[in-house]
Amino acid sequence: PPPAPAAPAERGGGGGQGDELMFEMDGLDAPKPEPEAKQRHNETEQRRRSLAREYYTQLRSLLPGAAECRPAPDKNAVLKLTIDFLRERGPHAPAPASAGPGVSSLLTAAET
């Protein structure tokens, strides 16, 4: 019968053939980002999260009944309530006068 396949080498194990390769790979780290780049990234992420929070707050305030809910609905609940609300209105329902810009203008603004 053919020989049984060898068991994979364990990390830090003793003396197996694959150990040398594993330890060589352990020394390869991704280059560390520059402190300024990391700070810019963190600031960009903070702005992105802040904007998302603001949009969820606005969306929550526009949903009928959501403003009175205690505790306030979480993000997933806001999305679900929005989907339910839009489905109830139907595909051809006129937009309310106070609806503001349409989706296409919002997407265009987000791209700039």
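A salt bridge is taken here as a side-chain nitrogen of Lys or Arg within 4 Å of a carboxyl oxygen of Asp or Glu. By this rule, the predicted model holds three salt bridges. The overall fold and its confidence are described before these pairs are taken in turn.

The secondary structure of the protein chain consists of four helices and zero strands. From the N terminus on, the order of elements is α-α-α-α. The chain has 112 residues, of which 7% count as buried. Its accessible surface comes to about 10000 Å². Carbon and sulfur atoms account for 60% of that surface.

The average pLDDT is 74. A score of at least 70 is reached by 54% of the residues. Helix α2 has the highest confidence, at a mean of 92. Helix α4, residues 103-111, has the lowest, at a mean of 52.

Two of the helices carry the salt bridges. In helix α2, E45 is paired with R48 and with R49. The side chains of E45 and R48 form a salt bridge with an N to O distance of 2.8 Å. E45 and R48 are about one helical turn apart, because three residues separate their positions in helix α2. The salt bridge between R49 and E45 has an N to O distance of 3.5 Å. R49 and E45 also both lie in helix α2, four residues apart, or about one turn of the helix. Both arginines are partly exposed. R48 falls in that class because its relative accessibility is 48%. R49 has a relative accessible area of 44%, so it too is partly exposed.

D84 pairs with K80, and their closest N and O atoms are 2.8 Å apart. The two positions are four residues apart in helix α3, which means a separation of about one helical turn. D84 is partly exposed, with a relative accessible area of 28%. K80 is partly exposed as well, at 48%. Elsewhere, salt bridges with shared partners join E45, R48 and R49 into one network.

A charged residue without such a partner was examined next. R60 is located in helix α2, which spans residues 35-62. R60 is buried, yet has no salt bridge. The nearest side chain of opposite charge is that of D74, 7.4 Å away. With neighbours within four places in sequence left aside, the contacts of R60 are A66, A67, A72, P73 and V78.

Helix α3 covers residues 75-89 and has 15 residues. The distance from its first C-alpha to its last is 21 Å. This is close to the 21 Å expected at 1.5 Å a residue. After α3 comes G90, with a positive phi near 85°.

K75 is found in helix α3. The C-alpha atoms of K75 and R60 are separated by 8.8 Å, and the two residues are 15 apart along the chain. K75 counts as partly exposed because its relative accessibility is 41%.

Y56 lies in helix α2. Residues up to four places away in sequence aside, Y56 touches K75, V78 and L79. V78 is also among the contacts of R60.

L79, one of the residues touched by Y56, lies in helix α3. L79 and L59 are 20 residues apart in sequence. In space, their C-alpha atoms are 8.7 Å apart. L79 has a relative accessibility of 36%, so it counts as partly exposed.

Notes
Residues are numbered from 1 along each chain as its sequence is written. This is a predicted model: local features need pLDDT of at least 70, side-chain atom pairs count only at pLDDT 80 or more; totals for chains, interfaces and linings use all residues. Side-chain values use heavy atoms; hydrogens and water are left out. Buried means under 20% relative accessible area, exposed over 50%, partly exposed in between (1.4 Å probe, protein chains only). Lys and Arg count as positive and Asp and Glu as negative; His and the chain ends are not counted. Contact means heavy atoms within 4.5 Å. The expected span of a helix is 1.5 Å times one less than its number of residues. Accessible areas come from the Shrake-Rupley method with a 1.4 Å probe; for residues, only the protein chains shown count as cover. pLDDT is the predictor's confidence in each residue, from 0 to 100.
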